[in-house]
Amino acid sequence: MKTSTTRFSFTLAALVLLLLAAAFHLQATEKKEFDPARWEKDIQAFEKQDQKAFPPKGSILFLGSSSIRKWDLNKYFPDLKTINRGFGGSQMEDPVYYADRIVFPYNPKIIVLYEGDNDINNGKTPETIFTDYKDFVKIVHDKLPKTRILYICIKPSMSRWPVIDKLRQTNELIRKFTQKDKRLQYLDVDAPMTGNDGKPRPELFEKDNLHLNHEGYVLWSAIVRRHLNNPDF
């Protein structure tokens, strides 16, 4: 009986050690995977563009992942002064890390932000993404207290459909937070991008069922314009 108990204790201890080692390895992997410095070349490319022709200060800054990067702002907002600083694959923590280089130099009057899509896909929790969003708001408003931030909620897509619940949990956390500050606005693209069957509307996407096509950007542009023209904003 004593031998069986000893073996059980040894097995349990070994299992605990394995779990701790796995957790440590996962944490180390996440820190490496989510290292914002991986975008250094993209940021340097923006800075080279600025050296050639610096954007007008007080413009509308579009910031975020590939949904922003692929947005032809001159085509959809030809009458507005806009700056596109989207870099594909970015996550919510990245604009925080690079704010000194891709936000503050432009002194934007409005920031249109789209992040969170890649975060969810890479296993981050809604709470983590929400914390990163709040960090972004704070760092912006500490230096640019009058700048308004329009957050485009994480879009529904068939490519990310398995994580739709976490996606919507993240959106809800951010939506509630934006109600506390008139300088913040939550742009709902989830509802208009969802069809009567409860699934994302396929006519709004490219063949990868993730990125927007022309019709998708027509929809997003109309939503952004509606909020830009909001007299209460």
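Me: Leaving aside its neighbours within four places in sequence, which residues is Ser66 in contact with?

Reply: Contact here means heavy atoms within 4.5 Å. This is a predicted model. In it, Ser66 touches Phe87, Gly88, Gly89, His211 and Tyr217, once neighbours within four places in sequence are set aside.

Me: Is Ser66 buried or exposed?

Reply: Use the cut-off: buried means under 20% relative accessible area. Ser66 has 11%, so it counts as buried.

Me: How do I read the aromatic pairs, and how many are there?

Reply: Look at ring centres and plane angles. Centres must lie within 6.5 Å; planes over 60 degrees apart count as edge-to-face, under 30 as stacked, and the rest as tilted. The count here is 15 aromatic pairs. Take Phe62 and Phe77: the centres are 5.4 Å apart and the planes stand at 45°, so this pair is tilted.

Me: Which parts of the chain does that pair link?

Reply: Distant ones. Phe62 belongs to strand β1 (residues 60–64), while Phe77 is in the loop between α4 (73–76) and β2 (82–86). They are 15 residues apart. Phe62 is buried, at 1% relative accessible area. Phe77 is buried too, with a relative accessible area of 1%.

Me: What kind of pair do Trp71 and Trp220 form?

Reply: An edge-to-face pair, with 65° between the planes and 5.6 Å centre to centre. Trp71 is in the loop between α3 (66–69) and α4, and Trp220 is in helix α10 (residues 214–228), so the pair ties together parts 149 residues apart in sequence. Both Trp71 and Trp220 are buried.

Me: Which residues do the ring pairs link into a cluster?

Reply: Phe62, Trp71, Tyr76, Phe77, Tyr114, Tyr217 and Trp220.

Me: How many bridges join β1 to β3?

Reply: Five, and the two strands run parallel; β3 covers residues 110–114. Within β3, Ile110 stands opposite Ile60.

Me: What should I look for in the backbone angles?

Reply: Most residues other than glycine have a negative phi. Asn107 has a positive phi of about 45°. It is found in the loop between α6 (99–102) and β3, and is partly exposed at 38% relative accessible area. Asn209 also has a positive phi, about 60°. It lies in the loop between β5 and α10 and counts as partly exposed at 35%.

Me: What are the totals for the protein: helices and strands, buried share, surface?

Reply: Ten helices and five strands. Of the 233 residues, 44% are buried. The accessible surface is about 12800 Å², with 55% belonging to carbon and sulfur atoms. For contacts between residues at least 6 apart in sequence, 73% join residues at least 24 apart.

Definitions and conventions. Residues numbered from 1 in each chain as written. Predicted model: local features only at pLDDT ≥ 70, side-chain atom pairs only at ≥ 80, totals over all residues. Heavy atoms only, no water. Phe/Tyr/Trp six-rings, centres within 6.5 Å; stacked < 30°, edge-to-face > 60°. Helix = DSSP H or I, 4+ residues; strand = E, 2+ residues; numbered from the N terminus. Buried < 20%, exposed > 50% of the residue type's maximum accessible area, 1.4 Å probe, protein only. Pairing = 2+ DSSP bridges. Areas by Shrake-Rupley, 256 points an atom, 1.4 Å probe, with all protein chains shown as cover.
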